[in-house]
Amino acid sequence: TGRPGRTLAIRVELDGIAVEEPESLAHLPYRDGFSSIRRGVMHACGRIRFICQPAEEGSRGAYPILQAGVLDDVDMIICGHIAPELELGTVVAAPRRLLSTTKIDFEFTGRASHAGSHPQTGRNALLAGAAASLAIMALPRHADGMTRVNVGQLHAGEGRNIVPSHAWMEVEVRGETGEINRDLTAEALTRAQGAAMSFGVECRKRIVGEAIDYQPEASTTQLLTVCARRARGCSKVLPTWNCDYSDDGTLLIRRVQEQGGKGGYFLVGGALSSSALKPAVDFDEAAVITLYDTWANLITAVLGNWR
């Protein structure tokens, strides 16, 4: 505004997800001419925001925002998201089970050899990667909360008759708390290294994304509840709802909270009445009105009477 006073940050992620957007008249963005122009990537869950954070998918984009100092003078930050699986007209004021997560890339490097004439001289990176993937997927669940583990990609090898010298694997772990996630991450790293040692290959790891759990505040949740109830299209406000996914906006919220500020995260339901979840991630665009009004009411409340 150019006027003195406290600073409010609004973040809604804006990025692409690796989904092939349908070319069908049943898919609203295609029918109305605003679907993705990039094959294999679509904008499935973002909205306009004032903090323009890239790469929420994969939990990679929040750290550059933190490192750039964008939040250093922020007193409150609110994150919002459309939820295509929630009934239209529903707003969740403080979702729970936003899971902590770590995204890991592994690279296994062995030694190539001819599989027919010199198989004994090779060091099979493909088998090391395969063994690591099985070991990681077999991680035990945790008594203290929910866990999620997934090996999403494994690529390896040079040819049919060559002992594979390279393998590359994408892994993610998630935990209901930061401590659970740290345990899973440490165990995944140990198992990958163990698999590499058993096949005589090298293993390098790279942490490519992270998010933490969300710790709601009563006062911010109450403010979001009031703002949502006054929004057009809002028929009910739920105090909480189980997400069971991750969002690196939690890193931004935690940073502001650590600086003495406030943070919140809310969801707006946008389920289509005619269909359940599907790869297109379509949602009823009437939800955008509810989302907009909630933001507008929030801004008005904060700027007019900060509490």
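Modeller: Let's start with a contact, which means heavy atoms within 4.5 Å. In the protein chain, 81% of the contacts with a separation of 6 or more are between residues 24 or more positions apart. Please keep in mind that this is a predicted model, where local features need pLDDT of at least 70 and side-chain atom pairs count only at pLDDT 80 or more, while totals for chains, interfaces and linings use all residues. Residues are numbered from 1 along each chain as its sequence is written, and side-chain values use heavy atoms, with hydrogens and water left out.

The chain holds seven helices and 11 strands (DSSP runs numbered from the N terminus: helices are H or I with at least four residues, strands are E with at least two). Of its 307 residues, 45% are buried (under 20% relative accessible area; exposed is over 50% and partly exposed lies in between, with a 1.4 Å probe and protein chains only).

The part I would pick is an open, antiparallel sheet of four strands, in the order β6-β7-β5-β8. Strands count as paired if DSSP finds at least two bridges between them. The edges are β6 (147-156) and β8 (202-211); each has a single partner strand, so one side of each lacks a neighbour in the sheet. On average, neighbouring strands here are turned by 15 degrees against each other, direction ignored (axes are lines fitted to C-alpha atoms, for helices over the stretch in contact, and angles run from 0 to 180 degrees between N-to-C directions). Inside the sheet, β5 (residues 100-109) and β7 (residues 166-175) pair in the antiparallel sense over 10 bridges. There you will find Asp105 opposite Glu170 of β7. Helix α3 (residues 125-137) packs on this sheet and touches β5, β6 and β7, with its direction at about 170 degrees to that of β6.

Now to the charged pairs. The whole structure has 12 salt bridges (a side-chain nitrogen of Lys or Arg within 4 Å of a carboxyl oxygen of Asp or Glu). One of them joins Glu202 and Arg204, at 3.5 Å from N to O, and Arg204 is partly exposed at 42% relative accessible area. Another joins Asp244 to Arg97 at 2.6 Å, N to O. This pair spans 147 residues, from Asp244 in strand β10 (residues 242-245) to Arg97 in strand β4 (residues 96-98). Asp244 is partly exposed, at 26%, and so is Arg97, at 25%.

Arg232 and Asp293 also form a salt bridge, their closest N and O atoms being 2.7 Å apart. Arg232 sits in the loop between α5 (218-229) and β9 (236-238) and Asp293 in helix α7, so parts 61 residues apart in sequence are tied together. Asp293 counts as buried, at 10% relative accessibility.

Helix α7 (residues 286-304) also holds Trp295. Rings of Phe, Tyr and Trp (its six-membered ring) pair if their centres lie within 6.5 Å; planes under 30 degrees apart are stacked, over 60 edge-to-face and the rest tilted. That rule gives three aromatic pairs. Among them is Phe266 with Trp295, edge-to-face at 5.1 Å centre to centre and 70 degrees between the planes. Phe266 belongs to strand β11 (residues 262-269), so this pair ties together parts 29 residues apart in sequence. Both Phe266 and Trp295 are buried.
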